[in-house]
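Dear colleague,

Please find the structure below. My notes on its pockets and its nonpolar cores follow.

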Amino acid sequence: MFDPDIAPSGTLLGLLQRGRGDGTLHALAAPRAEALAALHHCVLRDPRRDWQVENRSLYYARLCLDLDAELDEIEQHLFHPDDLVNDDEARTGLALSVLGHLAAYGRADALRLLRRYTAAGSNWEWALDELALRDDDPGLRGLAPAVLARFPETTEGDAELAAVVRGAYEPRPWRLWAADPHHGPRVRAAAEQGAFDRWQRQLRPSGPRPGWSVHDILLWAQREHDLKPDARRPDAAARCLAAVAGPEDRPELLAAAASAPDAARAAALRHLAEIGDPEVLDLIEAAVTEPDASELVSQAALSAFERMRSISALDRARVWAHRPDALGDAAAAMLSCRGGQYDTPLVLAALRRTVRAEGPDAQILWTLVDGAGRLTISCAAPVLRHVYRETASSHLRGRAARALAATDPSFAAGFAVECLWDCEESTRELAARHAATADTRVVEQLRRLAADPAEEAEVQTAVRSRIGPETPDF
């Protein structure tokens, strides 16, 4: 099921939102006003489901250059009154990243806009990180008064400044300011305070200590989970159990995995799965299928099963793969990753079932698509092409492209061509290795990627592997 903000894949806006290579090609062929409207819609309303793993900024920046786009709309968005009350990074992060790439391409107006926003905007740390990679030393030094003025010279202000300096993603501006005669003492003091705070936390560990028993670790996991449900203490507890649990503790661990409170049960399930206990598969099935099992327990059981590497786990996966539930999905995912050719029917059935029932954006598709490529399931190509076209996730589309390269003989002359303009560098690298050079657009784009200083090294290596005496078209 698509998010309501994602346009259909057959439209220019839908192609650009997905970051597909066809989006760039269609935008360059469309009326300029229409192409700019779609581009600005994407830049100002981030279409990504997960901005931390999906790339769009370089893709949109390149299109800005191709369309000779002005930055007026981005400027209005950054300095809109909403910026005073909404400091969510998702509102401005993509626009700032696009400006960063434009600045790297030599757009002085983008550099000036980033400096202005660093001085006055709410998401100034992101803008400063972009400048740290692209601005010169005098430009960064000139921002010191505006940035440091955000932190009043009080105890609270100094503490906030120390936290920001400690957590800075790009330390270059802070190092420059630390060497400044006027601002240096305050920045250096903040950096020293941050290091001292880190040292103090290391001296006061709150987790398990030497001498703790299995019972103590399970109690700690449950107590910490009750205090901080999002802290993932069961995972930490499972790692501690691996260090202290012995054969004599098995009865207690089996009992905990069957009926302990949620966090303790999750930790015990993961530990038993990691050591390959013969009873853990039945415990996992019970934890997932119990009507009153909590989400924490069921997810921990599924995660524990997916981490197993034993032959018995694979055998059980072949039994569970027919199930139309989460346990069936986990089983199909395991067969996709570690099954043999005789598991092809099960993986293919799960792939088709998932697309029909959940659409082209289901999380389990990431693994099933990889499995179709790994097992070279040729008859999966129609489903893979559907996922490629329709998914809103650029990462899943890239996985579908890799699977198609292994299963679809038409990939080199088909989707591989548009993949040269894709938003994901891994997809562009795949296309650079496979795209048929009979299409003149392929040769031109390969040359452009090889000469583009913003392109990833892996992509340029793939491009250069296609350039040689045996390829005179280049």
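In these notes, Ala, Val, Leu, Ile, Met, Phe, Trp, Tyr, Cys and Pro count as nonpolar, Asp, Glu, Lys and Arg as charged, and the others, Gly among them, as polar. By that scheme, the lining of the largest pocket divides into nine nonpolar, five polar and ten charged residues. A pocket is an open set of points, on a 1 Å grid over the protein atoms alone, where a 1.4 Å probe fits, with protein on both sides within 12 Å along at least five of seven lines; lining residues have an atom within 4 Å of a point.

The model is predicted: local features need pLDDT of at least 70, side-chain atom pairs count only at pLDDT 80 or more, and totals for chains, interfaces and linings use all residues. Residues are numbered from 1 along each chain as its sequence is written, and side-chain values use heavy atoms, leaving out hydrogens and water.

Of the 24 residues that line the largest pocket, Asn55, Ser57, Ser97, His101 and Glu130 lie nearest its centre. Helix 9 gives the most to this lining, with five residues (helices are DSSP runs of H or I, at least four residues, numbered from the N terminus).

The second largest pocket has 14 lining residues, and helix 20 supplies the largest share, six residues.

The largest nonpolar core has 88 residues. Such a core is a set of buried Ala, Val, Leu, Ile, Met, Phe, Trp, Tyr and Cys residues joined through side-chain atoms within 4.5 Å, where buried means under 20% relative accessible area with a 1.4 Å probe, protein chains only. Ile284 and Phe305 are among the residues with the most contacts inside this core, contact meaning heavy atoms within 4.5 Å.

Methods. Buried < 20%, exposed > 50% of the residue type's maximum accessible area, 1.4 Å probe, protein only. Helix = DSSP H or I, 4+ residues; strand = E, 2+ residues; numbered from the N terminus.
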